[in-house]
Amino acid sequence: MQQKKVSLRIVCLLTFKEVIKIDPCQKMIRLNKELSNLIGKYMDMRTRKFGLTGIQGVALMYVCENGGLNTGKLIEFMDTSKSTVSAILKRLYAKGFIALETLEGDSRCKKVVPTQKAMRVKSALGNEFTDIAAQLYGDVPPDKLAAALEFQQLAVSRARAALKSYNDKEE
């Protein structure tokens, strides 16, 4: 009786795989999601030595490279919600990597500036990100890398347009 159940399961799984074919576009979406998750985890591991997560490291590098900026610029750069950026900044502030300065003329707006602690880790953090990129893409031939980059830019552009269109319909 047990062998029949196992055999039936195998037949059902094989039939399911035959009926439900995953087209290349769906595979690309799955692979992009998996790649995004893997890169995020790897960045987290590489930035942990600085007391940062990967996304905090990205935000901190942007703040350091710009010598300070308003939160709107950081939201635009990170292409995420205001609440997500606020949470990242709150953690960077608590860890002593950034300071908040009041903008002249508007006490409600804050300028995010790197602290000396941030400037001390900036170079090493940049080296980590450079090494991550080299490990992932360093041996990819330039023509293939250029083609992949062009494709990714097109996919991002289409995803933004689809998101905006869907959002406009929902409102």
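Modeller: Let me start with Arg-46, which is buried, its relative accessible area being 15%. This is a predicted model, where local features need pLDDT of at least 70, side-chain atom pairs count only at pLDDT 80 or more, and totals for chains, interfaces and linings use all residues. Residues are numbered from 1 along each chain as its sequence is written, and side-chain values use heavy atoms, leaving out hydrogens and water.

Colleague: Why is Arg-46 called buried?

Modeller: Buried means under 20% relative accessible area, exposed means over 50%, and partly exposed is in between, with a 1.4 Å probe and protein chains only. Arg-46 has 15%, so Arg-46 is buried.

Colleague: And what makes Arg-46 and Asp-131 a salt bridge?

Modeller: The term asks for a side-chain nitrogen of Lys or Arg within 4 Å of a carboxyl oxygen of Asp or Glu. The closest N and O atoms of Arg-46 and Asp-131 are 2.7 Å apart, so the pair forms a salt bridge. Arg-46 lies in helix α2 and Asp-131 in helix α6, so the pair ties together parts 85 residues apart in sequence. Helices here are DSSP runs (H or I, at least four residues), as are strands (E, at least two), numbered from the N terminus.

Colleague: What makes Asp-79 and Arg-160 a salt bridge?

Modeller: Their N to O distance is 2.6 Å, which is within the limit, so they meet in a salt bridge. Asp-79 is in the loop between α4 and α5, and Arg-160 is in helix α7. With 51% relative accessible area, Asp-79 is exposed, while Arg-160, at 49%, counts as partly exposed. By this rule, the count comes to five salt bridges.

Colleague: How do you know that the length of α6 is close to what is expected?

Modeller: The expected span is 1.5 Å times one less than the number of residues. α6 has 22 residues and reaches 32 Å from its first C-alpha to its last, close to the expected 32 Å.

Colleague: Where is the kink in α6 centred?

Modeller: The kink is centred on Lys-122 and is about 40 degrees. The bend at a residue is the angle between axes fitted to the seven residues ending there and the seven starting there.

Colleague: What covers the buried residues of α6?

Modeller: The cover includes α2, α3 and β3. Among the buried residues of α6 are Val-121, Leu-125 and Phe-129.

Colleague: Why is Leu-136 called partly exposed?

Modeller: Leu-136 has a relative accessible area of 34%, between the cut-offs, so Leu-136 is partly exposed. Leu-136 is found in helix α6.

Definitions and conventions:
Contact = heavy atoms within 4.5 Å.
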